[in-house]
Amino acid sequence: MSYDSYVHRAKAGAPGSPILFVFHGTGGDENQFFDFGGRLLSGATVISPRGDVSEHGAARFFRRKAEGVYDCDDLARATERMSEFVAANRDRYESSTVLGLGFSNGANILANIMIEKPGLFEAGVLMHPLIPFSPKDRKAGEEAHVLITAGENDPICPVPQTVALADYLKRQGDTVTLEWHGGGHEIRPNEIEAIKTFFTPYGV
């Protein structure tokens, strides 16, 4: 898989610096979090791909059959394709550390990569993720650092499923932090502050 297999934006950091992949939500594109990623880690390489699936004109990273009902075959396809894209860009930019940040559908593709491809991402921010199934325990012993941000009244990502994902990742040995706010599926300032704190150790 090529480093340019997805339409994407890229900002090159110094060779050896971390690489940050940012993944948009449904209906977003490669611009949604590109500048935000650059501000989080000013010296890092930032890569922002556009989802390759269209849902009534809205870009997504994998198909779904209904709200909260995933096309698991397409999720598997997307996980493989995106993992190869991430690895190709990591190698192209000679990056030392692979980091990820995704919102909603972008958080879901990032979460599934971290489930299925442990060790590819050293750390990931999952903003309002939804994994509506019970993942199998990982075989490999590669642990990651994970920040999950969520709304206590999010109609798209119910609290029990958010907690279940956090518990699953903890059982796999990941270091997991949960940051809640009292709202729904929107991003609130405390999430942004938690993300800044989470990425501080990787600052360049």
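Select T97: beyond the residues up to four places away in sequence, T97 touches P18, I19, E122 and Y202, where contact means heavy atoms within 4.5 Å. The model is predicted, so local features need pLDDT of at least 70 and side-chain atom pairs count only at pLDDT 80 or more, while totals for chains, interfaces and linings use all residues. Residues are numbered from 1 along each chain as its sequence is written, and side-chain values use heavy atoms, with hydrogens and water left out.

**Stay on T97.** T97 sits in the loop between α2 and β8 (98–103). Helices (H or I, at least four residues) and strands (E, at least two) are DSSP runs, numbered from the N terminus. Is T97 buried or exposed? T97 is buried, at a relative accessible area of 12%. Buried means under 20% relative accessible area, exposed over 50%, and partly exposed in between (1.4 Å probe, protein chains only). Now show side chains: those of T97 and S96 are joined by a polar contact of 3.4 Å. A polar contact is a pair of N or O atoms within 3.5 Å; within protein, one must be able to donate a hydrogen and the other to accept it, and residues adjacent in sequence count only if both atoms are side-chain atoms.

**Step back to helix α2, residues 72–92**. Begin at its N-terminal end. D71 caps it, with a side-chain oxygen 3.2 Å from the backbone nitrogen of D73. Next, check the length. The 21 residues of α2 should span 30 Å at 1.5 Å a residue, and the end C-alpha atoms are 30 Å apart, which agrees. The expected span is 1.5 Å times one less than the number of residues. Colour the buried residues of α2; among them are D74, L75, F85, V86 and N89. Just after the helix, E94 takes a positive phi of about 55°.

Two packed helices are described by the angle between their axes and the distance between the axes. Axes are lines fitted to C-alpha atoms, for helices over the stretch in contact, and angles run from 0 to 180 degrees between N-to-C directions. The two helices are therefore roughly perpendicular. That label covers 65 to 115 degrees; under 35 is roughly parallel, over 145 roughly antiparallel, and the rest oblique. Which residues make the contact? Select L75, A78, T79, M82 and S83 of α2 with I109, N112, I113 and E116 of α3. By class, the contact has five nonpolar, three polar and one charged residues.

**Go to S104.** S104 is in the loop between β8 and α3. Its phi is near 60°, a positive value in a residue other than glycine. S104 is buried, with a relative accessible area of 12%.

**Compare H56.** H56 lies in the loop between β4 (53–55) and β5 (58–60). Its phi is also positive, near 55°. H56 counts as exposed, at 84% relative accessibility.

**Select A123.** A123 is in strand β9 (residues 123–127). At 0% relative accessibility, A123 counts as buried. Leaving out residues up to four places away in sequence, its contacts include V98, M114, H145 and Y202.

**Finish at E152.** E152 is in the loop between β10 (145–151) and α4 (159–171). E152 counts as partly exposed, at 46% relative accessibility. Beyond four places in sequence, E152 touches V159, W180, H181, G182 and G183.

Terms used
Ala, Val, Leu, Ile, Met, Phe, Trp, Tyr, Cys and Pro count as nonpolar, Asp, Glu, Lys and Arg as charged, and the others, Gly among them, as polar.
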